[in-house]
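Biologist: Could we go through the charged side-chain pairs in this model?

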Amino acid sequence: MTTLRSLALCTTLLAALAGCSDSTTPGVDGPHPLNPEAGKSDNYISTNAREFVLTGHALATAPSDLATLEGDARDAALTRAAEGRLPAVVRAIKQHIEGVVSGLNGDKRGDDAEWFVYVRRDASNLADVAIVDDNGTPKVQFGFELELVGNVTLMSKLSPEDGGGDRTFEVVVKDYWADTDGEHVTVTMAGSESRDAFPRYDAMFADGVLRVAIHFGGDYNSERFDLDTARWLVGVLLEQGFTNTAVTGFDDLKLDSPPFTRSLTVEGRPLEVQVKVVHSDMVPATEESLLSDSFKQSLLDADIIVYSGHAGENAGFILDYQPRLEIRPSEIATLPMSDGYQIFFLDGCQTYRTYVDDLLANPHRSSANTDIVTTINTTPFSVGYQVLWEVLFWMTLTDDDGDHFPLSWKTILRGINTEQFDSVHYGVHGVDDDPQLNPHHSEGVACTPCATDADCAAGGNLCLGYPGGGRCGVACTTDTACGEGYRCARITDDEDLFYIPKQCVRRDLSCAAP
């Protein structure tokens, strides 16, 4: 799983689709043929969910003493009136959307439901508060903004008429205590503009050590799925070439055990992958605080932090249930943390709903140095195996020469947002600050002559079969990142070659100077 020369670098990609050729000499046109047809095609992306922003204007009753107010006092009174009305607006929008979603799902409920929507906690905001005349009556008009997440195509179901302008729908806002027809409010809906990007592999690999900390939260189920998964993980680490001087099996694992290690060559440089594994039964109940200490240490020194445990709205990091030990959400913003780039895989139920805001409130963390993988809905324990496999092996995927395959976030997410687990909806926050070109090397590479992929400066950049000779592509996720005259093209649709990144390719399929 970690060396894929036999799949990636057969004589041509077409040969790989049919089975690798015995020959290893690339053709003069470059080992990867080009298809002249276009490829198929807030700070969050997912492969089966999307964030949306809803905006509009609504009215509130003006303060009875408005005529006597001036300056700051008047402004404050208008804001209070708008704030008092905003919950009714949000409630009307939620009820309308949930009604549409319920109709789409029919009799399906829970994990069987195909359609979903979730309105983020504290996701509504006010703007442009002012007094207006409403048929001779002064009213407080205010702009509102509401964020939510739902199916990728939710917008088309809420506003199926699209004449090329804004997507809109109408709701009726009523106060609980008022028996009136209500206010008709037009809501404009727009999808997030965030696009696929690469994790910052260059930052994680820079010091020659990739530190992965995997913390299993406690489990209240009698089956103890947490221990089953931890036991499986230790077995996988030992079977896949990781070593540990103090651990030959799961029962040897202690809180003070050294990490499992594995040495790789990545982009011509040695990389040691260190994996720390922690589960709740490592300590007696009287020493539970040591689990918290271990988690906090990971926040300081790990590059990738995996929390695999129970979660839910307003939950923290629940490290044990016998008795319960939790790092509460209110603590997260004040914990000492690394200032370097970190990835958090928060693999529990509904982690989208709590952890992101709490982590980004910490002064050491921001979207510029943090990527956070979360779940929107409930998470079966069985999906945890795939998440851990991807963390350990997909993110360090190399060929036999040590050239790294930089998997993009959407490629990683597709591996866990499978049909079996499609109701979970994994996504990643922070992508707007991640690179959309090969994080190892991209400058000045596109269209340079090549005979093999090794001529193209970094793993993930492929030698492409342009007319007249091989020319380098650059691993990419968007057309915009590739620059004028280029598109970010899919090279193969073979699912077995999922690790082959899109490439910056000349739109006219010519690298000749203009």
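**Salt bridges in the model**

Modeller: In this predicted model, Arg195 and Glu193 form a salt bridge through their side chains, with an N to O distance of 3.5 Å.

Biologist: Is Glu193 buried or exposed?

Modeller: Glu193 is exposed, at a relative accessible area of 60%.

Biologist: Turning to Asp303, which side chain does it meet in a salt bridge?

Modeller: The side chain of Asp303 meets that of Arg211, at 4.0 Å from N to O. Asp303 is in the loop between helix 7 (289–301) and strand 11 (304–308), while Arg211 is in strand 8 (residues 209–216); the two are 92 residues apart, and the pair links distant parts of the chain.

Biologist: Which residues are linked in a network with Asp303?

Modeller: Asp207 and Arg211 are linked with Asp303 in a network of salt bridges. Asp303 is buried, at 11% relative accessible area, whereas Arg211 is partly exposed at 27%.

Biologist: And what about Arg224 and Asp281: what is the N to O distance?

Modeller: The salt bridge between the side chains of Arg224 and Asp281 has an N to O distance of 3.2 Å. Arg224 lies in the loop between strand 8 and helix 6 (225–239), and Asp281 lies in the loop between strand 10 (269–278) and helix 7, so this pair ties together parts 57 residues apart in sequence.

Biologist: Which of the two is buried, and which partly exposed?

Modeller: Arg224 counts as buried because its relative accessibility is 14%, under the 20% cut-off. Asp281 is partly exposed, at 42%.

Terms used:
Residues are numbered from 1 along each chain as its sequence is written. This is a predicted model: local features need pLDDT of at least 70, side-chain atom pairs count only at pLDDT 80 or more; totals for chains, interfaces and linings use all residues. Side-chain values use heavy atoms; hydrogens and water are left out. Buried means under 20% relative accessible area, exposed over 50%, partly exposed in between (1.4 Å probe, protein chains only). Helices (H or I, at least four residues) and strands (E, at least two) are DSSP runs, numbered from the N terminus.
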